[in-house]
Amino acid sequence: MSKKEQARIAFVYPGVLAPGVNIGEPTPGLATICNHFPSEQLLSVNFGVIGFNGIDNYSLEIEVLFEEESVSVITDDKKIYQYQPQWSGEGDFVATMTILQPFIAKGSGYYTIEATLLFKDTNPNAVWEAIDVRRSYFAVAKEWRNGLDGST
């Protein structure tokens, strides 16, 4: 099996993005509050990758979907806020990372995070090729409560 075939997205999920919480903390954030629609929001996306070979080029695209339509805000300012790589004695590679992805909240409901891992070898004429895709989900609403009876 080639290193290209071994490179994979291990996981992808929304993280908590709130005052007092560091970007990249591992707690999943499934419930997002949005007071009015449409509005631009920021989503903390935690993900892990495995199997990079250190020679070829890899990239990750994150897209947010609502009702199967992209609601991602295109930005050239993709900054990795948390990056924790590890290498084994045998040369295996794993890493966890976090980025912030802006999106337009169009309404209450379930949203999809789609992460696509791209690969390009070192050939100057090589083009980016999608080699792995993972999906995760979160929900947006004007309010969230802990009990069915209306208690918070």
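**Entry 1: burial and overall layout**

I started with burial: of the 152 residues of the protein, 38% count as buried. My cut-offs are under 20% relative accessible area for buried, over 50% for exposed, and partly exposed in between, with a 1.4 Å probe and protein chains only. I am looking at a predicted model, where local features need pLDDT of at least 70, side-chain atom pairs count only at pLDDT 80 or more, and totals for chains, interfaces and linings use all residues. Residues are numbered from 1 along each chain as its sequence is written, and side-chain values use heavy atoms, with hydrogens and water left out.

Next I noted the accessible surface, about 9200 Å², of which 51% belongs to carbon and sulfur atoms. Such areas come from the Shrake-Rupley method with a 1.4 Å probe, and for residues only the protein chains shown count as cover. Along its principal axes, the C-alpha trace spans about 55 × 30 × 25 Å.

I then listed the secondary structure, which comes to 1 helix and 9 strands. Along the sequence I read the pattern α-β-β-β-β-β-β-β-β-β. These elements are DSSP runs numbered from the N terminus: helices are H or I with at least four residues, strands are E with at least two. For contacts (heavy atoms within 4.5 Å), I wrote down that residues 24 or more positions apart account for 71% of those with a separation of 6 or more.

**Entry 2: the five-stranded sheet**

In what order do the 5 strands of the open sheet stand? I get β2-β9-β8-β4-β5, with mixed pairing. Two strands pair here if DSSP finds at least two bridges between them. At the edges stand β2 (31-33) and β5 (69-70); each has a single partner strand, so one side of each is left without a neighbour in the sheet.

I went through some of the pairs:

- β2 and β9 (residues 129-141) run parallel over 3 bridges, and Ala31 stands opposite Ala139 in β9.
- β8 (residues 109-120) and β9 run antiparallel over 11 bridges; here Glu114 has Arg135 in β9 as its bridge partner.
- β4 (residues 57-66) is joined to β5 by 2 bridges in the antiparallel sense, and Leu65 has Ser70 in β5 as its bridge partner.

**Entry 3: salt bridges**

How many salt bridges does the structure hold? I find 4, each a side-chain nitrogen of Lys or Arg within 4 Å of a carboxyl oxygen of Asp or Glu.

Glu68 is exposed at 58% relative accessible area, while Arg135 is partly exposed at 37%.

Lys106 and Glu69 come next, with 2.8 Å between the closest N and O atoms. This pair links distant parts of the chain: Lys106 is in the loop between β7 (93-105) and β8, Glu69 is in strand β5, and they are 37 residues apart. Lys106 counts as partly exposed at 40% relative accessibility, and Glu69 is partly exposed at 41%.

Asp132 and Arg134 also meet in a salt bridge, 3.1 Å from N to O. Is Asp132 buried or exposed? At 9% relative accessibility, Asp132 counts as buried, whereas Arg134 is partly exposed at 34%.

**Entry 4: Gln101**

I checked Gln101, found in strand β7. Gln101 is buried, with a relative accessible area of 1%. Which backbone oxygen does the side chain of Gln101 reach? I find that of Val73, at 3.3 Å. Leaving out residues up to four places away in sequence, Gln101 touches Gln41, Leu42, Leu43, Val45, Ile62, Val64, Ser72, Val73 and Lys78.

**Entry 5: a nonpolar surface patch**

Last, I looked at Ile80, Tyr83 and Trp87, which form a nonpolar patch on the surface with about 370 Å² of accessible area together. Patch residues have over 30% relative accessible area and no salt bridge; like charges are joined within 9 Å, nonpolar side chains (Val, Leu, Ile, Met, Phe, Trp, Tyr) within 5 Å. I placed Trp87 in strand β6 (residues 80-87), and Trp87 is exposed at 59% relative accessible area.

Technical notes:
Polar contact = N/O pair within 3.5 Å; in protein donor to acceptor, adjacent residues only side chain to side chain.
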